[in-house]
Amino acid sequence: MGGGREFAISLDGVRDKNVMQLKKLNTVLFPVRYNDKYYADALASGDFTKLAYYSDICVESIACRLEKKEGGAICVYIMTLGVLAPYRGLGIGTRLLNHVLDLCLKQNIQEIYLHVQTNNDDAINFYKKFGFEITERIKSYYTNIDPPDCFVLTKFITTSQANK
């Protein structure tokens, strides 16, 4: 891509007027279909859900949900993070994940987690580079894809290690 040319990556929040772009990306990127609650949670998360543009083309998204834990602490659940295949390896996913990790640090959110299909080695290795660890395996988490099992990857954030 680009052959050494400069390229511009920009991030934009997801709002009612552009949520269809998130829906289109998800249709291409993921083997499951997301319901209205997913999109309502994505919209409600504010800056924790972003679209990424490469030279004005929407190529990636991260969608999160804010959850309240017992005791009242807030944690972040990454519902989806995906980039169109031709744009992988350009650092866009890293930029989006760092954006969310920085928000967690600024808002004193100490836990962020996600589910990853057990055979998705690329995703598992990507998140491990950011300090996520496999904390659980859930059997039959997915209903219409194979394998149906997933790992829960979790990162606990402290003020001294937001992006480590």
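**Entry 1**

I began with the side chains of Glu 111 and Lys 69, which meet in a salt bridge at 2.5 Å, N to O; I counted as a salt bridge a side-chain nitrogen of Lys or Arg within 4 Å of a carboxyl oxygen of Asp or Glu. The pair links distant parts of the chain, 42 residues apart: Glu 111 lies in strand 5 (residues 111–117), and Lys 69 lies in the loop between strand 3 and strand 4 (74–83). I took helices (H or I, at least four residues) and strands (E, at least two) as DSSP runs, numbered from the N terminus. Glu 111 is buried at a relative accessible area of 15%, whereas Lys 69 is partly exposed at 36%. Here buried means under 20% relative accessible area, exposed over 50%, and partly exposed in between, with a 1.4 Å probe and protein chains only.

I note that the model is predicted, that local features need pLDDT of at least 70 and side-chain atom pairs count only at pLDDT 80 or more, while totals for chains, interfaces and linings use all residues. Residues are numbered from 1 along each chain as its sequence is written, and side-chain values use heavy atoms, with hydrogens and water left out.

**Entry 1. Other salt bridges**

I searched the whole structure and found eight salt bridges. Arg 65 forms one with Glu 67, the closest N and O atoms being 2.7 Å apart. Arg 65 is partly exposed at 23% relative accessible area, and Glu 67 is buried at 17%. I also looked up Lys 50, which forms a salt bridge with Asp 47 at 3.5 Å between the closest N and O atoms. Lys 50 counts as buried at 10% relative accessibility, while Asp 47 is partly exposed at 44%.

I asked why strand 2 (residues 50–54) is largely enclosed by the rest of the structure. Five of its five residues are buried, so strand 2 is largely enclosed. Lys 50, Ala 52 and Tyr 54 point one way from the strand, and Leu 51 and Tyr 53 point the other way.

I then checked the pairing, for which DSSP must find at least two bridges between two strands. Strand 2 pairs in the antiparallel sense with strand 1 (residues 9–13) over five bridges, and Asp 12 stands opposite Leu 51. Strand 2 also pairs with strand 3 (residues 57–68), again antiparallel and over five bridges. The bridge partner of Tyr 53 in strand 3 is Cys 58. Strands 2 and 3 form a hairpin with two residues between them, and Ser 55 in the turn has a positive phi of about 45°.

**Entry 2. Cysteines**

I searched the whole structure for disulfides, meaning pairs of cysteine sulfur atoms within 2.5 Å, and found zero. Cys 58 is in no disulfide; its nearest cysteine sulfur, that of Cys 64, is 15 Å away. Cys 104 is in no disulfide either, and the nearest cysteine sulfur, again that of Cys 64, is 7.5 Å away. Cys 58 is buried at 13% relative accessible area, and Cys 104 is buried at 0%.

I located Cys 75 in strand 4, where it is buried at 3% relative accessible area. Leaving aside neighbours within four places in sequence, Cys 75 is in contact (heavy atoms within 4.5 Å) with residues including Arg 65, Glu 67, Lys 69 and Glu 111. Both partners of the salt bridge in my opening entry, Glu 111 and Lys 69, are therefore on the contact list of Cys 75.

**Entry 3. Nonpolar core**

I looked up the largest nonpolar core, which has 51 residues. Such a core is a set of buried Ala, Val, Leu, Ile, Met, Phe, Trp, Tyr and Cys residues joined through side-chain atoms within 4.5 Å. Ile 78, Leu 97, Ile 112, Tyr 127 and Phe 132 have the most contacts inside the core. Ile 78 touches Leu 97, Ile 112, Tyr 127 and Phe 132, among others, not counting residues up to four places away in sequence. In soluble globular proteins, nonpolar side chains tend to be buried together.

**Entry 4. Annotated span and Asp 149**

The UniProt annotation "domain: N-acetyltransferase", from an unreviewed entry, covers residues 9–158. I found the end C-alpha atoms of this span 28 Å apart, and the span is 29% helix and 35% strand. Asp 149 is found in the loop between strand 6 (133–138) and strand 7 (150–156) and counts as buried at 10% relative accessibility. Its contacts beyond four places in sequence include Gln 117, Thr 118, Arg 137 and Tyr 142.

Terms used
UniProt positions renumbered as here; feature names shortened; annotations may be inferred.
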